Amino acid sequence: MQTQKLDVHEQPSDKVALADMAMSRLRQLSMKLAMAEIDIDVFDAMQPLEDDWRALERDNLQSLHQSYDWCAAWVSAFQRPLAILKGTHAGQTAFILPVEIVKSRGLAIAKFIGADHSNINTGLFSESFAESGGSIDAGKFAGQLQQALRGQADLLLLQNIPLEWRGRQTPLTGLPMVQNQNHAYQLPFFSTFEETLKQLNAKNRRKKFRVQSKRLEAAGGFEYVIPETSEEQHRLLDIFFRLKSARFASLGLPDVFADRETQAFLHGLLDRVDDSRQYFGLQMQVLRLKGALEGRIAAIAGISRKGDHIICQFGAIDEELVPDTSPGEFLYWQTISGLHGKGVALFDFGLGDQTYKRSWAPVETAHYDVVLPVSRFGVLAGAAHRVVTRSKAHIKARPKLYRFAQGVRARIG
């Protein structure tokens, strides 16, 4: 084993840095050696894990979409079988991967709970496990996950995972992965709204905002509203469903919010609020008109919060009202400016490449899918997922081809 000699002329700060580096390496080595000692158990219910689950999610860097309340709302609505993976080392919880079993074409696929409506997934990891990053023996870890799920799933498919999130590398690095076709877009917050705007084309954005304001005032005025009552929040969510359904119909696309379970899930999120830890599952915000259009809603959005991270889950506009004001984008201005001074560090526009997101978000984050076969059928399903995902990424990277594909999709319904 090689040793490094310390120069006697090094400053105290250098010695501290070397000591920190040595400790970090020791922690990583300890975690790597401990992989053989990690036990993975599978749970078919959330309740036995609640205390450990809530303890892990206190970490600011764990995704809202793996929080206990988010997953509980989904499980209550969809009632799918669960296969939650809990890793334990030395009597302490090392990780929880909230997984449900989704049946598709005869296959049993283990996916993150609520994966179809999540924008970023991290899993839940203890601090030591999370900091271990790429030092974990990926082959051994994969084998343990496969063994835990054998007989319950054909494929472990954990989607929309950033390899690095806010400076931390995912401990899932090294597992079989494919880059997801969708990226996510974020706007970092600074101390004031004006400072935040400097990341963007602030001059043009302010000019556009003034034009929008004048047009809205000419139409009778407006108000930015965040209803305080649960009843009003639920009423606004139903309005969103109607607006979004009309939009999907006009494009000839399927309505991803139409099924009873999804609507029950989102309604369930509205009442999951914990001010003590800066958490709400879903909050509706609207741009409401005045004057001759009194009470009409021009734009509506639903946002979620966990700690200093805000995620915009969805939005819609009434296309028959004040279309020349770009009411959806105007609502984003109101929302983002209003969140300054409230402990927010990051506004996340979520997955999907859209022009308005790029105009607001200077940060683009690539996401990856863990594709780990558990059975022989899972090997085929995993290969198919890789091919489909790479094909979608190829199409989306070419605007003309993407527009053509969208047109075909609309024509065939």
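## Helix 9 and its cover

In helix 9 (260-270), the buried residues are T262, F265, L266, H267, L269 and L270. Buried means under 20% relative accessible area, exposed over 50%, and partly exposed in between, with a 1.4 Å probe and protein chains only. Helices (H or I, at least four residues) and strands (E, at least two) are DSSP runs, numbered from the N terminus. The cover over the buried residues of helix 9 includes helix 3 (68-78), helix 8, strand 12 (273-274), strand 13 (279-289) and strand 15 (309-317).

This is a predicted model: local features need pLDDT of at least 70, side-chain atom pairs count only at pLDDT 80 or more, and totals for chains, interfaces and linings use all residues. Residues are numbered from 1 along each chain as its sequence is written, and side-chain values use heavy atoms, with hydrogens and water left out.

## Helix 3

Helix 3 is largely enclosed by the rest of the structure, because ten of its eleven residues are buried. These are Y68, D69, W70, C71, A72, A73, W74, V75, A77 and F78. What covers them includes helix 2 (50-57), strand 4 (99-104), helix 9, strand 13, strand 14 (297-306) and strand 15. Just past the helix, Q79 takes a positive phi of about 55°.

C71 has 1% relative accessibility and counts as buried. C312 is buried too, at 5%. The structure holds zero disulfides, a disulfide being a pair of cysteine sulfur atoms within 2.5 Å.

## Aromatic pairs

The whole structure has 24 aromatic pairs. Rings of Phe, Tyr and Trp (its six-membered ring) pair if their centres lie within 6.5 Å; planes under 30 degrees apart count as stacked, over 60 as edge-to-face and the rest as tilted. The rings of F209 and F330 are stacked, because their centres are 5.2 Å apart and their planes at 10°. F209 lies in helix 7 (residues 202-218) and F330 in helix 10 (residues 327-339), so the pair ties together parts 121 residues apart in sequence. F209 and F330 are both buried.

F241 and F257 make a tilted pair, because their ring centres are 6.5 Å apart and their planes at 40°. F241 lies in helix 8 (residues 230-251) and F257 in the loop between helix 8 and helix 9, so this pair ties together parts 16 residues apart in sequence. F241 is buried at 7% relative accessibility, and F257 is buried at 8%. Elsewhere, ring pairs link F193, F209, F222, F330, W333 and W360 into a cluster.

## Charges over rings

K244 lies over the face of F248, 5.7 Å from the ring centre. R277 lies over the face of Y279, at 4.4 Å from the ring centre. A charge sits over a ring if NZ of Lys or CZ of Arg is within 6 Å of the ring centre and within 35 degrees of the ring normal.

## Strand 10

N180 is in strand 10 (residues 177-188). N180 is buried, with a relative accessible area of 5%. Neighbours within four places in sequence aside, N180 is in contact with N160, H367, Y368, D369 and T389. Contact means heavy atoms within 4.5 Å.

P188 is found in strand 10 as well. Not counting residues up to four places away in sequence, P188 touches T196, Q199, A345, L346, P362 and V363. The C-alpha atoms of P188 and L346 are separated by 4.5 Å, although the residues are 158 apart along the chain.

## Whole chain and confidence

The protein chain has 13 helices and 17 strands. Of its 413 residues, 50% count as buried. Among contacts between residues at least 6 apart in sequence, 73% join residues at least 24 apart. The chain exposes about 20500 Å², and carbon and sulfur atoms supply 52% of it. Accessible areas come from the Shrake-Rupley method with a 1.4 Å probe; for residues, only the protein chains shown count as cover.

The chain averages a pLDDT of 87, and 85% of the residues score at least 70. pLDDT is the predictor's confidence in each residue, from 0 to 100. Over residues 15-19 the pLDDT is below 50, and this stretch has five contacts in the model beyond near neighbours in sequence. Residues 404-413 also stay under 50, and the model has seven contacts for them beyond four places in sequence. Where pLDDT is low, the predicted coordinates should not be read in detail.
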